[in-house]
2 protein chains.
Amino acid sequence: MIGGGFAGLWAVRGLRHAPAEILLIDRHNHHTFQPLLYQVATAGLAAPSIAAPLRHILRRQRNVTVLLGEVTSIDVARRQVGLEQVTWSYDYLVVAAGAAHAYFDHDEWAIHAPGLKTLEDALAMRARVLRAFERAEAAEDQAERDAWLTFVIAGGGATGVELAGTLAEIARHTLKREFRRIDPATAHVLLVEAGPRVLPAFPEALSASARWHLERLGVTVHTGRPITAVEERGVRIGSEPVATRTVLWAAGVAGSPLGRALGIAVDSAGRVPVAADLSIPGRPEVFVAGDLARIEQASGRGTGLASGRGSGLVPGTAAAAKQMGCHVARTLLARLRGQPGVSFRYRHHGLLATIGRRAAVVDLDRIRLTGVVAWWFWLSAHLLFLIGFRNRLVVLIDWASAYWTYQRNARIIVD
Amino acid sequence: MIGGGFAGLWAVRGLRHAPAEILLIDRHNHHTFQPLLYQVATAGLAAPSIAAPLRHILRRQRNVTVLLGEVTSIDVARRQVGLEQVTWSYDYLVVAAGAAHAYFDHDEWAIHAPGLKTLEDALAMRARVLRAFERAEAAEDQAERDAWLTFVIAGGGATGVELAGTLAEIARHTLKREFRRIDPATAHVLLVEAGPRVLPAFPEALSASARWHLERLGVTVHTGRPITAVEERGVRIGSEPVATRTVLWAAGVAGSPLGRALGIAVDSAGRVPVAADLSIPGRPEVFVAGDLARIEQASGRGTGLASGRGSGLVPGTAAAAKQMGCHVARTLLARLRGQPGVSFRYRHHGLLATIGRRAAVVDLDRIRLTGVVAWWFWLSAHLLFLIGFRNRLVVLIDWASAYWTYQRNARIIVD
């Protein structure tokens, strides 16, 4: 089992009564609640509030051994997984190594435009954002000051929208009265989406609502123009140059390089095409689940794909990853009992995105919510799914305090 | 004003009604509650719980500008302070840049034996400790496993005692049942103090009590033998080699290099000898406060130095630093009014150190406490002095949950 994200962890849990020896390998010692990473990146939550050690989560499941380590090679012919110093053999392999952001063949942009997939990313992004305001305060000329106070967010999906909304609030409310040489409220927050609208996975009405809420918060929304250059001192949006020192990347999908190690052709985003039972072609003992898997879904009621949105692919969300993880566990249990497996069927429960402190958009297929009601729904759903009682309580306190005081409790730059 | 620790921050606050323009420069954007750093290092608390942004703390004090930056030079003749790109002139200068740990002319040890003075240090130490258990679980031979499960703490002061006690608890309780190939309870925690007893600043009876509590927790206490070598794969205690991969340094004092920039002779620990009003010889407009200052105190009742302990120097504690900061503010206010200043007089309120989850030692000069009572006293005192209501509440929750469950809520390795 490679990867302790939503897919990997749910697959392991699904096998808790299986007569099997499970080895879970992850590069990190913790499971990360990715949907709230943007809150860590924007100083709303401390890193430990949205993460829990994998071996603590799984301490009572005696058939699993958790190992911290990085998988460097997979040999599907010999059924072996290689780490830095050791090699493990397997009977069944589940690869749930996730995805990173894609820079569209411009990997050199990554250094100026960090993405947001791990806690490390989130802490680095937090330090970058907070430091930008500090640099603006220290700057000696106006052009430099303006560049430090311009924030460009690439990608109008849920993460981009959430980052932009929160950043605008930080500039206008959180930092109010704290600076002497600059007015943080003059900061520019630009959200750039190459496609025609923000939140492309949502219905059009909700995209429009999100845009309206963002603009009310002071975010400048650019749609229909991609970012064509990223450098240390600025970006190019379409053909227009923008001076900025802070670019946050929330666009594209690039499957983990481990996908390529499986020896079959991956799609342009590096995802592994899987069969209906999530195994890979010709290797029924190897499964791929989560963001790394590419699976088409027949459209139909309840799949969320009926209305012609997207490409009919199962989306790269936490909910989809959990479902795939559970499905792999069920398939393995059936195989161990000598029974046939069934096809994976994605059940679409809904999509959520929050925009600042009192608005959100929620698409539950039949029900669509916007504004305050959606925000309360978002809040409850995220608290409910956050692992660990203590985390929930602390997050609730942080949110309540942030709501009443406009403050953010993790405004700490740590390198 | 250089440094936003206890001395610098209290000096700034003491000048809140002064007709002055105050510039506070710090390398970090936050004030750190140093007495609880060991809790961040041992995964009990999240970093933001013991830190608050300096500009947020001081947002209502309109006569102060906070700048994030590193002072690289001080020119006392020209009355100028140099940062990387800019130079500031001053009428009065307060240097409160603190101290680091001292490696006794073996700076090459630092890479293997990190100290604990900043949040960065604490997070690095946390990652090192947690990773040691992970490496032990992954190790393929017994000698390597044992070395990963051996923890050496250098220095038997309050920080060393607190680290050792907490580490022993983590090994015996927190990690119980979470590993499959090792038993974390077999870990060795060694506390090494070169002097004759742990907690040398406390009365002998309390040192003995602390040692008893540590040994009951399973810590091996070595006194009277210094560490004579530190390498990647082990240390030497006196002449005895010990195989270990984790050495935590909590010994010695090395004043900030900025002390040397003042152009007067510093003591062997790099501290700046100051006059009775905390100014430096020949420069009445330059003050040094906090751990960087060296000041002798006439012994007598209420100074805590009457009983012949230590060298009669004001100790390097948070309380002493606050008192010095306040005193500098009072002296500056007097000068601005054309009045004479008074001599600094250190008032000793007490010393505290905690040992694991239900014991502590408290020395209040007339009252001495040990065991559970001392631990409750320690708990209340630290909660009381922690900056910010929200921090207090979250810390209280973390402590309560840690107490009942033996769990630690920040067991997250982030690089």
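Mentor: A residue is called buried when its relative accessible area is under 20%, exposed when it is over 50%, and partly exposed in between, with a 1.4 Å probe and protein chains only. The model is predicted, so local features need pLDDT of at least 70 and side-chain atom pairs count only at pLDDT 80 or more, while totals for chains, interfaces and linings use all residues. Residues are numbered from 1 along each chain as its sequence is written, chains are lettered from A and ligands numbered from 1 in the order in which they are written, and side-chain values use heavy atoms, with hydrogens and water left out.

Over all chains, the whole structure holds 16 aromatic pairs. B:Tyr103 and B:Trp249 form one that is stacked, at 4.9 Å centre to centre and with 25° between the planes. This pair links distant parts of the chain, 146 residues apart: B:Tyr103 is in the loop between strand E9 (99-100) and helix H4 (119-138) of chain B, and B:Trp249 is in strand E16 (residues 246-249) of chain B. Both B:Tyr103 and B:Trp249 are buried. B:Trp249 also pairs edge-to-face with B:Trp109, at 5.7 Å centre to centre and 65° between the planes. Because B:Trp109 lies in the loop between E9 and H4 of chain B and B:Trp249 in strand E16 of chain B, the pair ties together parts that are 140 residues apart in sequence. B:Trp109 is buried, as is B:Trp249. In chain A, ring pairs join A:Tyr103, A:Phe104, A:Trp109 and A:Trp249 into a cluster. Throughout, rings of Phe, Tyr and Trp (its six-membered ring) pair if their centres lie within 6.5 Å; planes under 30 degrees apart are stacked, over 60 edge-to-face and the rest tilted. Helices (H or I, at least four residues) and strands (E, at least two) are DSSP runs, numbered from the N terminus.

Another ring has a charged neighbour. B:Arg13 lies over the face of B:Trp10, 4.9 Å from the ring centre, and A:Arg13 lies over the face of A:Trp10, also at 4.9 Å. For this, NZ of Lys or CZ of Arg must be within 6 Å of the ring centre and within 35 degrees of the ring normal. B:Trp10 is among the buried residues of H1(B), together with B:Phe6, B:Ala7, B:Gly8, B:Leu9, B:Ala11 and B:Val12. Helix H1 (residues 6-14) of chain B is thus mostly covered, with seven of its nine residues buried. Its buried residues are covered by elements of chain B including strand E1 (22-26), strand E2 (30-32), helix H3 (54-57), strand E4 (64-68) and helix H8 (318-336), contact meaning heavy atoms within 4.5 Å.

E10(A) runs parallel to strand E11 (residues 188-193) of chain A, to which five bridges join it; strands pair if DSSP finds at least two bridges between them. Within E11(A), A:Leu191 is the bridge partner of A:Ile153.
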